[in-house]
Amino acid sequence: MDGVIAPWAGSHNALNSYGDDHRELRAPIAAALTRRRVEAMTPVIESIVQDVLDGLDGVGAQRKVDLVQSYALFIPHEVITRLLGVPAEHVPAFSAAAAGLFDTSAGAEEMTRSMGAVLALLDQLVAVARGHPGDNLVGDLVRAADASGNPLSDAALRDQLMLIIAGTEATAHAIGTLLLHLLSHPDQLALVTSGQVPMEDALTESLRLRPPIASVPLCFAARQFEDARSGEQFGEGEPILFHIAGADLHPERYEDPERFDVRREGGSRSLAFGYGPHVCPGASLATREIVIAATRFLERYPHARLALAPEPLEQTASFMSNGYSSIAVELS
C-alpha cells in the first residue's frame, strides 16, 4: 500500500489494532493521558489561549480575522508541542509537518516528507525519554510502557505518539466548527453565553452535527459478506473506509438531524471520539482545549460575527479531516 493511506494503515498503533494487541498498545496512552495530566495542562491551555487572543487584538482597525488560520490551529499545535516537550527550535517545522499529514490532496512525495519529519522528531523524543523521562507526555508514556508486562519498543511508542499528534488537527477543526455553529445561530449562542446551556453541551451537539474526523482508514474485510441494508458486496481482503461523519445524522436516531440544537432532546451523542474500546484516550484533553478556546473567544469578542455566510466556506482538502480551511470573522 502506498500514497496517503499508507502512513495511517501501516502504523502499528491503537487505532488500527484489535483484541489483545489493541489493549497492549492502548494501555500506555491511557495511563499517560490521566486526569492529573489534563488538570496540569489546564492553566497552560488557558495561557496559550490568552496569548493567541492577545495576538488577535493587534489586527488593527480592520478587525477581520481568519478564525481557523489565526486562532483555532495555533492552540492545539502549541498545546501538543508543550505536552510532548518539543524543543522550541523544532516547533515551527514540527507543526508544519504534522499539519501536512492530513492533506489527502498531497502527493506521495509530500506525504513521505511530512511523515519523515514527524517520525524523526518523535524518535528523538522517545530516545531522550528512555534515558531521562521528563515531566511531559513522552516521559509518562515511556514510564507507563516500561511498567507494563510487555514493554513496547521505541517504534511502537512512536506510533502511539502519532495518534496524539493526529488529535491536534481534529481539535483545531472542532474549535473552528463549534464557533461557526454558535456564530451562525444567534439564538443558540445566547443560550450558551447566558449560562443557560453549558459550553460542553454545545460542543457535544457541534461534534454530532459535524465531527472533525470524517473517516477512519483503514479496515479490511475478514471474509466475503453482504451488507444486509444496502445489498453491497464485500470480498475477502477488500479495503473498507468508514465514513463516521455520516453516522450521527441518521434520521432514525435524531429528529431533524441537520439542525444545530444545543438543547436537543435526549442529548447529543456521537462517534466523534470513537466508541467502546476504541474511544479516544485524549478525549478529555481535547474537550478541555475546545471548551476553553470557544469560551474565552466569545468572552473577549461578544459582538463577533461571521464575515461570510456558512454555506460557501471552503472545506479542508482531506477525506479524513472534516472542517473548514478558512472562517472569516469580524471581531466587532
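## Helix 8 against helix 9

Helix 8 (residues 137-147) and helix 9 (residues 154-183) cross at roughly 135 degrees, and their axes come within 11 Å. Axes here are lines fitted to C-alpha atoms, for helices over the stretch in contact, with angles running from 0 to 180 degrees between N-to-C directions. That angle makes helix 8 oblique to helix 9 (under 35 degrees is roughly parallel, over 145 roughly antiparallel, 65 to 115 roughly perpendicular, and the rest oblique).

This is a predicted model, in which local features need pLDDT of at least 70 and side-chain atom pairs count only at pLDDT 80 or more. Residues are numbered from 1 along each chain, and side-chain values use heavy atoms, leaving out hydrogens and water.

Who meets whom? Leu137, Val138, Leu141, Val142 and Ala145 of helix 8 touch Leu157, Gln160, Leu161 and Ile164 of helix 9, where contact means heavy atoms within 4.5 Å. Eight of these residues are nonpolar, one is polar and none is charged.

## Helix 7 against helix 8

Helix 7 (residues 108-131) packs on helix 8 at about 60 degrees, with the axes 9 Å apart. On the helix 7 side, Leu125, Val126, Ala129 and Arg130 make the contact; helix 8 brings Val138, Gly139, Val142 and Asp146. This contact has five nonpolar, one polar and two charged residues.

Now for the strands: three of them form an open antiparallel sheet in the order 1-7-6. Strand 1 (64-66) and strand 6 (305-306) stand at the edges with a single partner each, so one side of each has no neighbour in the sheet. Two bridges join strand 6 to strand 7 (residues 328-330), and pairing requires at least two bridges found by DSSP. Arginine 305 stands opposite glutamate 330 in strand 7.

Notes. Helices (H or I, at least four residues) and strands (E, at least two) are DSSP runs, numbered from the N terminus. Ala, Val, Leu, Ile, Met, Phe, Trp, Tyr, Cys and Pro count as nonpolar, Asp, Glu, Lys and Arg as charged, and the others, Gly among them, as polar.
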